[in-house]
Amino acid sequence: MRGVIVRISGPVVEAEGMTGAQMHEMVTVGKENLRGEVIRIEKDHAVIQVYESTSGLRPGEEVKGTGKPLSVELGPGLIGNIFDGTQRPLQVLAERAGVFIRRGINVPALPRDKKWHFTPKVKVNDAVYGGDIIGVVEESGLIEHRILVPPNIQGKISEIADEGEYTVEEWIAKVRMGDETRIIRMFHTWPVRRPRPYKRRLTPKIPLITGQRVIDTFFPIAKGGTASIPGGFGTGKTITQQQLAKWSDADVIIYVGCGERGNEMVDILLSFPKLVDPRSGRSLMERTILIANTSNMPVSAREASIYTGVTIGEYYRDMGYHVALMADSTSRWAEALREISGRLEEMPAEEGYPSYLPTRLGEFYERAGVVETLGSESRIGSLSIIGAVSPPGGDFSEPVTTHTKRFTRAFWALDKELADARHYPAINWIQSYSEYVDEVSEWWIENVDKEWRRYRSEAMRILQREDELKEIVKLVGPEALPDRERLILEVARILRVAFLQQNALDPIDTYSAPIKQFKMLKIIIDFYYGAQKIIEMGVPIFKITQIPLISDIMRMKSEIPNDKIELLDELYLRVKASLSELEKSLR
Ligand SMILES: Nc1ncnc2c1ncn2[C@@H]1O[C@H](COP(=O)(O)OP(=O)(O)OP(=O)(O)O)[C@@H](O)[C@H]1O
Ligand SMILES: [Mg+2]
């Protein structure tokens, strides 16, 4: 099919003579063969969003169909790579075109010349189904890439490649499907707007451990869950997302830099290869895929970038991995949607966003989950999605934040006042919530401590009580409160400073193992119980606040490393002893 451009409006192009074009079909536009996607069709008239700059494009130039929807290539070579929003490999483009990435360059997403060492896992005559593993490739030091039978294929293996070196384009298996023989290569393509199939969904129950105390202990996200991080300008969205990308215990990380400043992506590019995976000692890039559509890149590719990311995420999920996707920032994605919708002259809804904004957000987060994957063996994989939201002026009542809140089950509200006070991460503990607490409790009880739930609730209660008392203190000053309430204020302060605040830049504090988080919490809460008892016996509060060990509690997060947990047990005993001494001195 060949059409002719009749109108150009920024990233949106209209063409006539497009009979036969499909919705979401990829097309090439103009002399330079810019890549675009059909986003509306009426008779022979199509509207196309173009993924590259349209400057210089003229009416009368040609539009050609490809017959395929916007798709990504799935196969070895994804890990450690950096793609743009439509999966063009940015490093290769930069090498070919110099510093300025030229338009219309079509480079395949996966390298075609690279050979991978393939080890078959099936034999001739084996029956295989979509999702079965036919062989493996060591993609990186951290990821064994499982070559799957694509979802729509099933039959008997008629040929299987020997163990050896192959490029992604060579056949590695042939499957007899009725009269037909289907060739299986190490890669296949998948349309980004179509969720990949699985057998069934399971309840997310295992926490995604991030090493960030306010998240893991207070507002956890489960593997396969969804979370949002809304926050005004400079409140810590990017740092939080990067902390999660660095430390969370997912097998594969997909980081989508969506409409943010280029230097933030550069930060990642420079820091990730140097960072070491704490579990394996290998470079973090060996489990990471970056998708970068920075603010200077075309908006329509930004619109596509989250789908590209999520589809790649589902693909690794289907191999049986736990994948976590971070998108920074979904507001910039929504703005791209708004801009394109404006060009289409659609009727705007709230704040100029199209009326389908909530549907699109819902569909995106819906692609997270823990699933039993396709295939004859039982395999569990998960995809967690964590989206940053940048509400203008930090106003959480705007459409992107309010709709995102409906579709995400953990909500980490960044607070301007906390950020200004340099309380980082500036996650507000009163406004934030997680609907995964019940589900992940079992994991904490089995793997960390049977009293996890009780200590967590007690800490939350103290922080909430502080919030209520704050109002009274504002009016009458702390002196007017009874000592038992002043103790709550003191313990809440310790919780805030010693536990909730966590410095991403401190080599020890940047990551807290679950056991460390729990023991820290237990020290603080048991200190509270001990102090409460003594106060009831009539000891004045200043005797408690003067206990020298409080400063040790304040420093434990950055002084006690994750591999010296016994030091926390010692501190615990010393705190207990110092309280009993106070108690004894009363007798
Ligand atoms: N956990 C943390 N530890 C230490 N510093 C932090 C932490 N979180 C945020 N900061 C500080 O806050 C600054 C701003 O954070 P960040 O860039 O993540 O904000 P943002 O919300 O992404 O901003 P923008 O709206 O510009 O995208 C950082 O440069 C850093 O100094
Ligand atoms: Mg940012």
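Visitor: Which residues is Ser341 in contact with, leaving aside its neighbours within four places in sequence?
Guide: This is a predicted model, and in it Ser341 is in contact with Glu346, Pro354 and Tyr356.

Visitor: Where does Ser341 sit?
Guide: Ser341 belongs to helix α6, residues 330-343.

Visitor: And is Ser341 buried or exposed?
Guide: Ser341 is buried: its relative accessible area is 1%, and under 20% counts as buried.

Visitor: Switching to Leu284, where is that one?
Guide: Leu284 is in the loop between α4 and β21.

Visitor: Buried or exposed, for Leu284?
Guide: Leu284 is buried, with a relative accessible area of 1%.

Visitor: What does Leu284 touch, leaving aside neighbours within four places in sequence?
Guide: Leu284 has contacts with Lys246, Phe272, Leu275, Val276 and Asp277.

Visitor: How far apart are Leu284 and Tyr321?
Guide: In sequence, 37 residues separate Leu284 and Tyr321, and in space they are 16 Å apart, C-alpha to C-alpha.

Visitor: You mentioned α4. Which of its residues are buried?
Guide: In helix α4, residues 262-271, Glu264, Met265 and Ile268 are buried. Looking down the axis of α4, the buried residues fall within an arc of 100°, so they line one face of the helix.

Visitor: What do the buried residues of α4 pack against?
Guide: They pack against α3 (237-247) and the strands β20 (252-258), β21 (288-293) and β22 (322-328).

Visitor: New topic: how do α12 and α13 pack?
Guide: Helix α12 (residues 483-500) packs on helix α13 (residues 514-536) at an angle of about 165°, their axes being 10 Å apart. Over 145 degrees counts as roughly antiparallel, so that is what α12 is to α13.

Visitor: Which residues make that contact?
Guide: From α12 they include Leu487, Ile488, Val491 and Leu495. Among those from α13 are Met520, Leu521, Ile524 and Phe527. By class, the residues of the contact of α12 with α13 are 14 nonpolar, 2 polar and 2 charged.

Visitor: And what's the handedness of the crossing of α12 and α13?
Guide: The crossing of α12 and α13 is right-handed.

Visitor: How about α12 with α15?
Guide: Helix α15 covers residues 549-559, and α12 packs with α15 at an angle of about 30°, with the axes 9 Å apart. That makes α12 roughly parallel to α15.

Methods:
Residues are numbered from 1 along each chain as its sequence is written. Chains are lettered from A and ligands numbered from 1 in the order in which they are written. This is a predicted model: local features need pLDDT of at least 70, side-chain atom pairs count only at pLDDT 80 or more; totals for chains, interfaces and linings use all residues. Side-chain values use heavy atoms; hydrogens and water are left out. Axes are lines fitted to C-alpha atoms, for helices over the stretch in contact, and angles run from 0 to 180 degrees between N-to-C directions. Helices (H or I, at least four residues) and strands (E, at least two) are DSSP runs, numbered from the N terminus. Angles under 35 degrees count as roughly parallel, over 145 as roughly antiparallel, 65 to 115 as roughly perpendicular and the rest as oblique. A crossing is left-handed if the near helix is turned anticlockwise from the far one by less than a right angle, and right-handed if clockwise. Contact means heavy atoms within 4.5 Å. Ala, Val, Leu, Ile, Met, Phe, Trp, Tyr, Cys and Pro count as nonpolar, Asp, Glu, Lys and Arg as charged, and the others, Gly among them, as polar. Buried means under 20% relative accessible area, exposed over 50%, partly exposed in between (1.4 Å probe, protein chains only). The arc is that of the directions from the helix axis to the C-beta atoms.
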